[in-house]
Amino acid sequence: VNYKERRHAFIQEYVNFKVDLPAGQHGLYEIKRCQMDERSAMFHNALGLVTKTDRFSRPGVYTQLIRWGNNADPYAETVVMSDHLCEVADHEPLVTYAREHAPLERVLINGLGIGVCFELLAPYVQHFTVVELSASVIRLVAPHYQARYPGRIEIIQANALTYRPPKGVRYNAVFHDIWDFISHNNLAEMRHLQRRYGRLCDWQDSWARRYCERDARKRRRHPEQYEKAVDQKELYRALNTLFAITD
Ligand SMILES: C[S@@+](CC[C@H](N)C(=O)[O-])C[C@H]1O[C@@H](n2cnc3c(N)ncnc32)[C@H](O)[C@@H]1O
């Protein structure tokens with residue numbers, strides 16, 4: 001079964017998957033619920049079709065991790081993670097590996113997010129180590145899951161790119177998930193992390209690696225398209241006008 005078929009089957013199985021993390025705000029980060037209505041879902045899916053990214057969603061209520069502000073705009077809102085179907089489905093390779101090799105004794109996750117990994121993997125994994133950069137994300141997210149899975153989750157506040165695991169430790173699986181967006185630009189960091197953990201684990205992967213590699217391939221093959229390409233934000237604006245979504 002190829003990757004696309006596995007992803008498709010996974011989406012069907014987890015179509016109703018949601019996290020139940022309480023809403024809250026700390027520092028620059030916020031956990032909040034958002035409603036995706038029929039029209040916004042159509043808009044989101046049109047974007048997925050136009051950009052050929054297979055990133056589809058359904059109407060419903062979702063949980064998002066938002067980071068507020070950037071250098072240019074303090075009110076800019078970046079969705080760092082959510083439990084939309086496409087984001088959940090990005091964990092398919094990890095879940096498939098864990099299922100096929102269960103029970104896994106130790107799994108390392110780089111990037112805490114909203115803890116989708118815990119809920120997907122808890123039946124197959126005994127102990128999680130999570131490396132997370134932001135103290136605010138840890139404060140908003142960790143207590144909820146540590147209460148639900150007592151003694152099974154260790155959180156380390158550190159930069160995953162420089163963190164070195166204690167000597168002698170080995171993981172059954174490692175998943176690197178520290179990026180906000182899918183981009184060829186993530187590949188260098190993915191290679192760095194995957195080199196670092198190569199000998200420390202039995203299996204590893206990075207979030208949406210296949211999409212990032214496809215982005216890089218396309219750029220190499222058709223650089224001219226990218227020179228004059230509409231960037232994602234412009235495309236988003238154009239589709240927004242088309243669907244007349246005003247908020
Ligand atoms: C997309 S989320 C991870 C989603 C997670 N897999 C889940 O199950 O919900 C990315 C997370 O990585 C964190 N992060 C970003 N850069 C990081 C770094 N250099 N080291 C560790 N964590 C980082 C962000 O704060 C965020 O919590």
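1. A crossing of two helices is left-handed if the near helix is turned anticlockwise from the far one by less than a right angle, and right-handed if clockwise. By that criterion, H7 passes H8 in a left-handed crossing. Helices here are DSSP runs (H or I, at least four residues), numbered from the N terminus.

2. The model is predicted: local features need pLDDT of at least 70, side-chain atom pairs count only at pLDDT 80 or more, and totals for chains, interfaces and linings use all residues. Residues are numbered from 1 along each chain as its sequence is written, and side-chain values use heavy atoms, with hydrogens and water left out.

3. The axes of H7 (residues 187-197) and H8 (residues 209-221) cross at roughly 130° and come within 10 Å; axes are lines fitted to C-alpha atoms over the stretch in contact, with angles from 0 to 180 degrees between N-to-C directions. H7 is therefore oblique to H8 (under 35 degrees counts as roughly parallel, over 145 as roughly antiparallel, 65 to 115 as roughly perpendicular and the rest as oblique). Leu-187, Met-190 and Gln-194 of H7 make the contact with Arg-209, Cys-212, Glu-213 and Ala-216 of H8, where contact means heavy atoms within 4.5 Å.

4. H1 (residues 3-13) packs against H4 (residues 92-100) at an angle of about 85°, with the axes 10 Å apart. H1 is therefore roughly perpendicular to H4. On the H1 side, Tyr-3, Arg-6, Arg-7, Phe-10 and Glu-13 take part, meeting Glu-92, Pro-93, Val-95, Thr-96 and Arg-99 in H4.

Technical notes:
Helix = DSSP H or I, 4+ residues; strand = E, 2+ residues; numbered from the N terminus.
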